[in-house]
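Please keep the sequence and the structure at hand while reading.

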Amino acid sequence: MNTYLKSLYCFLLVACISTSKMQAQDTPNIIFIFADDMGIGDISNNYGKAHTPHLDRLVNEGMQFTDAHTSSSVCTPSRYSLLTGRYNWRTRLANHVFGNPTEAPLIKKEEVTVASFLKEAGYHTACIGKWHLGIGWQTIADYKNKEGQEGKGWNIDYSKPAITPTSNGFDYFFGITASLDMPPYVYIENEYATNIPIVTKAFPRKGAATADFEAIDCLRDFAKKSVAYIDERAKNDKPFFLYLPLTSPHTPIVPSKKWQGKSSIGKYGDFIMETDWVVGEVLKTLDKHDLNENTLVIFSTDNGCSPAAKITDLIEKGHYPNGNLRGHKADIYEGGHRVPFIVRWPSVVKAGTKTDRLTCTTDFISTCSEILGTPLDDASGVDGISFLPTLKNPSINDREAIVHHSINGSFAIRKGGWKLAICPGSGGWSYPRAGKTPSGLPPVQLFNLSKDLEEKHNLQAEHPEKVKELINLLQSYVDAGRSTPGMPQQNDREINIYAEDIAK
């Protein structure tokens, strides 16, 4: 081969390799692990007292978002927003979470989710874990509990197919209806229950259960299914999306025998460590198949740590599950919705980096859209802004504002360092408690988080112009049916931003 042909061959080879890498980078595998009721201080890299080596590995090999939030401080609404890129308060769910196992699905059948979007783009999609967005069970009319049948879930016909995540863009589903303490206690695979409930069990709520279902087994079962899924997809060139919403460390706090006594802070710490183990199983499987370089792995949680974890006891042991933030799960304060958010994608993200970009989990679907170069339709992802530019350059902070929402439906809006809560108290479970706030408190709370991250000083009286500015911005987001540029959209209900007044 002469010199010219050799040079041409080398050029074409390099071009082919570069094109191949570019195409691969445009269609990475995507894994989103979503823990349940876990705060920013529950990771040992963030000074947590329970050892989390696999989450620490993600931090060391990826990018840590230090100002990331869920759209709500409780789980049903935050899960909706993650999957749709739309604020939960635009839906029929004005407050609280789904507690009835026969609640109709919150995601409308025609609504675009990150799963349906990626599936349309050629991905294989799977959801393994806790759903808590409504399973469309077929019920038995006029059912009356028989002897020994206590609690919820007995009026469901488990022999018939249900409306499950497979109706929302997932090719495969294995998981449970809602939280691990909410019956029915039965696994679902695709559209069917894997077994028929025949006994009553309580974790701690009583309800219909299959004989083989034990809360203590769930994490291991979800890990096993996730590993099997990645093993199977590794045989195929088609990219995959795995959504892995875990049941931990939410109540019941039930670490399996292998993890009991492993931490210095009790059962909650043990459960954190087992949660971290699941993350490790996923990472180990990616290692095995040499899939790390072009797999986007995200770890986050649905809200802050719950008081059910006995936060005061944990703090006495030196463990601050929500860091130094005020409040906890259910609250409008930062401890309710500021969450761990870690992204690893070696082909794009520089290892060991941090960003203070103001980020919401609604941004996930828009980020996937920008990665693929495929725009969402105008009615989808209306509250999401892609963080792909930040993954490439941690200094980019391109989000104008975020709207927060508490368990009782109270609103807050954050813009830059300023945060305005449209309620006199927590909007949740911490003092001053929603609906029980002492008389004489101002109806709104204005905090300068850049100087007062612990939200100790209400500045609403000193800055009335800032209060007015933020109220007007929030109202504009409500009225437009979106918080991003585009055609105005419709909310699913009438929305009043003064929600706590309505609750009273």
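## Two packed helices

Axes are here lines fitted to C-alpha atoms, for helices over the stretch in contact, and angles run from 0 to 180 degrees between N-to-C directions. The structure is a predicted model, and in it the axes of helix H5 (residues 218-233) and H6 come within 9 Å and cross at roughly 10°. Because angles under 35 degrees count as roughly parallel, H5 is described as roughly parallel to H6.

On the side of H5, the contact is made by Leu219, Arg220, Ala223, Val227, Ile230 and Asp231. H6 contributes Phe271, Glu274, Thr275, Trp277, Val278, Glu281, Val282, Thr285, Leu286 and Lys288.

In soluble globular proteins, nonpolar side chains tend to be buried together. The largest nonpolar core of this model has 52 residues, and those with the most contacts inside it are Ile31, Leu242, Leu244 and Phe299. Helix H6 (residues 267-288) gives the most to this core, with 10 residues. Apart from it lies another core, of 50 residues, which includes Leu83, Cys127, Cys368 and Leu391.

Which residues does Leu242 contact, leaving aside its neighbours within four places in sequence? They are Ile30, Ile31, Phe32, Ala126, Ile128, Ser226, Tyr229 and Ile230. Ile128, one of these partners, has its place in strand S4 (residues 124-130) and is buried, with a relative accessible area of 0%. With neighbours within four places in sequence again left aside, Ile128 is in contact with Tyr172, Phe174, Phe222, Lys225, Ser226, Tyr229, Leu242, Tyr243, Leu244 and Pro245. Ile128 and Gly148, although 20 residues apart in sequence, are 31 Å apart in space, C-alpha to C-alpha.

Strand S1 (residues 29-35) has 7 of its 7 residues buried, so it is largely enclosed by the rest of the structure. Asn29, Ile31, Ile33 and Ala35 point one way from S1, while Ile30, Phe32 and Phe34 point the other way, and all are buried.

S1 pairs in the parallel sense with strand S11 (residues 295-301) over 7 bridges, and within this pairing Asn29 stands opposite Thr295 of S11. With strand S10 (residues 240-245), S1 also pairs in the parallel sense, over 5 bridges; here Ile33 stands opposite Leu244 of S10.

## An open antiparallel sheet

An open sheet of 4 strands has the order S15-S16-S17-S18, with antiparallel pairing. Strand S15 (401-405) and strand S18 (445-448) stand at the edges with a single partner strand each, so one side of each is left without a neighbour in the sheet. From one strand to the next, the twist averages 15°.

Strand S16 (residues 411-415) and strand S17 (residues 418-421) pair in the antiparallel sense over 4 bridges, and Ala412 has Ala421 in S17 as its bridge partner. Helix H11 (residues 464-480) packs on the sheet, touching S15, S16, S17 and S18, and its direction makes about 110° with that of S16.

## A buried threonine

Not counting residues up to four places away in sequence, Thr353 touches Gly62, Met63, Gln64 and Pro394.

## Backbone details

Most residues other than glycine have a negative phi, and most peptide bonds are trans. In this model, the peptide bond from Ser248 to Pro249 is cis, with omega near 0°, and Pro249 is found in the loop between S10 and H6. A cis peptide bond also joins Tyr431 and Pro432, where omega is about -5°; Pro432 is found in the loop between S17 and S18.

Positive phi values occur at His96, about 60°, and at Asn190, about 55°, although neither residue is a glycine. His96 is found in the loop between helix H3 (75-84) and helix H4 (114-120), and at 42% relative accessibility it counts as partly exposed. Asn190 lies in the loop between strand S6 (188-189) and strand S7 (192-193), and at 24% relative accessibility Asn190 counts as partly exposed.

How values were computed. Residues are numbered from 1 along each chain as its sequence is written. This is a predicted model: local features need pLDDT of at least 70, side-chain atom pairs count only at pLDDT 80 or more; totals for chains, interfaces and linings use all residues. Side-chain values use heavy atoms; hydrogens and water are left out. A nonpolar core is a set of buried Ala, Val, Leu, Ile, Met, Phe, Trp, Tyr and Cys residues joined through side-chain atoms within 4.5 Å. Buried means under 20% relative accessible area, exposed over 50%, partly exposed in between (1.4 Å probe, protein chains only). Helices (H or I, at least four residues) and strands (E, at least two) are DSSP runs, numbered from the N terminus. Contact means heavy atoms within 4.5 Å. Two strands pair if DSSP finds at least two bridges between them. Angles under 35 degrees count as roughly parallel, over 145 as roughly antiparallel, 65 to 115 as roughly perpendicular and the rest as oblique.
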